[in-house]
Amino acid sequence: MNKLRGMKGLTSLLEMDGLSLVLPLERVFDDLPNVVFFIKDRAGRYLAVNRALMERCALAEKARLVGKRPSDFFPTALAERYERQDRRVLESGKPVLDQLELHLYPNRGRGWCLTSKYPVLDRRTGKIAALMGISRDVEDSASRAASHGLPELAQAIEVLQTRLQDPPEMAELAELCGLSTVRFTRLVQRVFHLTPRQLAMKVRLDEALHLLATTDSSLSDIALETGFCDQSAFTRHFRRMTGVPPGIFRSQTARQ
């Protein structure tokens with residue numbers, strides 16, 4: 001573990017065309033904007049992290065995270081979700097790819113991320129020895145779509161935001177924007193790195209997060225205002241993407 005402490009000296013060997021290249025992974029992952037990177041051992045302890053994760057945990061040095069588990073920094077419900085996900089990857093040997101999640105950080109910040117986790121093999125034994133994770137920040141604003149010269153996507157987000165109680169199906173949304181379903185899907189994935197379904201769900205849950213944090217509306221009222229058929233469906237989707245039920249999220253937000 002000491003060789004990886006705080007990612008100091010963390011490197012990778014790449015052999016190609018007769019060359020053996022030592023890649024400075026520590027510097028690479030520290031310099032990536034809006035990306036969280038980590039490696040954990042089979043017990044779920046951080047072996048290496050990048051600067052972004054350190055800063056979002058409100059820590060002054062990466063070594064403070066090494067040897068610790070998510071439960072040492074994150075709320076219990078979130079830590080349990082992260083650890084269940086880790087165990088699934090370690091036990092099955094199959095990666096988790098582009099999981100849309102709301103991350104709540106100890107520095108009281110929050111943001112949507114696309115998370116992927118991969119099993120890491122020991123070169124000597126071929127067995128799974130660790131887990132590597134990458135979380136990329138997600139932005140879905142209309143201004144970003146406009147900046148890409150894609151007013152159709154800006155219009156799509158505006159439609160989603162104004163029709164929260166009656167969200168359109170993807171085919172209807174594409175048609176409203178004057179695009180084929182295939183073209184619409186490709187543009188959403190290219191600009192936001194999300195599927196249209198992920199984009200639509202994120203817009204609805206963003207409004208739910210706002211209502212939970214700023215109003216006294218009941219959970220059932222918020223469910224209906226954001227297009228869910230009932231409180232149970234709202235709670236199920238909310239918990240799947242945030243790791244906590246909406247009532248607990250509201251109480252945690254109130255304490256902040």
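## The model and the overall picture

Keep in mind that this is a predicted model: local features need pLDDT of at least 70, side-chain atom pairs count only at pLDDT 80 or more, and totals for chains, interfaces and linings use all residues. Residues are numbered from 1 along each chain as its sequence is written, and side-chain values use heavy atoms, with hydrogens and water left out.

The chain's secondary structure comes to eleven helices and seven strands. Here helices (H or I, at least four residues) and strands (E, at least two) are DSSP runs, numbered from the N terminus. Of the 256 residues in the chain, 43% are buried; that word means under 20% relative accessible area, while exposed means over 50% and partly exposed lies in between (1.4 Å probe, protein chains only). As for contacts (heavy atoms within 4.5 Å), take those in the chain with a separation of 6 or more: residues 24 or more positions apart account for 49% of them.

## The sheet

Five strands make an open sheet in the order β4-β3-β7-β6-β5, with antiparallel pairing. Two strands count as paired if DSSP finds at least two bridges between them. At the edges sit β4 (46–49) and β5 (96–104), each pairing on one side only. From one strand to the next, the twist averages 25°. Angles run from 0 to 180 degrees between N-to-C directions, and axes are lines fitted to C-alpha atoms, for helices over the stretch in contact.

Now for the β3 end of things. Strand β3 (residues 35–41) is joined to β4 by three bridges, and the two run antiparallel. F38 stands opposite V49 in β4. Helix α8 (residues 196–214) packs on the sheet, where it touches β5 and β6 (110–121), and its direction makes about 130° with that of β6. β3 and β4 form a hairpin with four residues between them, and G44 in the turn has a positive phi of about 85°.

## Two residues of helix α3

R81 lies in helix α3 (residues 76–92). This arginine is buried yet has no salt bridge: the nearest side chain of opposite charge, E101, is 4.3 Å away. A salt bridge here takes a side-chain nitrogen of Lys or Arg within 4 Å of a carboxyl oxygen of Asp or Glu. On charge, Lys and Arg count as positive and Asp and Glu as negative, while His and the chain ends are not counted. Leaving out residues up to four places away in sequence, R81 touches E101, L102, H103, R240, M241, T242 and G243.

L78 also has its place in helix α3, and L78 is buried, with a relative accessible area of 0%. Not counting residues up to four places away in sequence, L78 touches L104, T242, G243 and V244. L78 and L104 are 26 residues apart along the chain, yet their C-alpha atoms are separated by 8.0 Å.

## Aromatic pairs

Rings of Phe, Tyr and Trp (its six-membered ring) pair if their centres lie within 6.5 Å; planes under 30 degrees apart count as stacked, over 60 as edge-to-face and the rest as tilted. By this rule the count is six aromatic pairs. F29 and F37 are stacked, because their ring centres are 3.7 Å apart and their planes are at 10°. F29 is buried at 11% relative accessibility, and F37 is buried at 1%.

F238 and F249 make an edge-to-face pair, with 5.7 Å centre to centre and 65° between the planes. F238 lies in helix α10 (residues 231–242) and F249 in helix α11 (residues 246–255), so this pair ties together parts that are eleven residues apart in sequence. F238 is buried at 0% relative accessible area, and F249 is buried at 2%. Ring pairs also link F228, F234, F238 and F249 into a cluster.

## Two positive phi values

Most residues other than glycine have a negative phi. N34, though, has a positive phi near 60°. N34 is found in the loop between α1 (25–31) and β3, and is partly exposed at 49% relative accessibility.

H193 has a positive phi near 60° too. Its place is in the loop between α7 (181–192) and α8, and H193 is partly exposed, with a relative accessible area of 42%.
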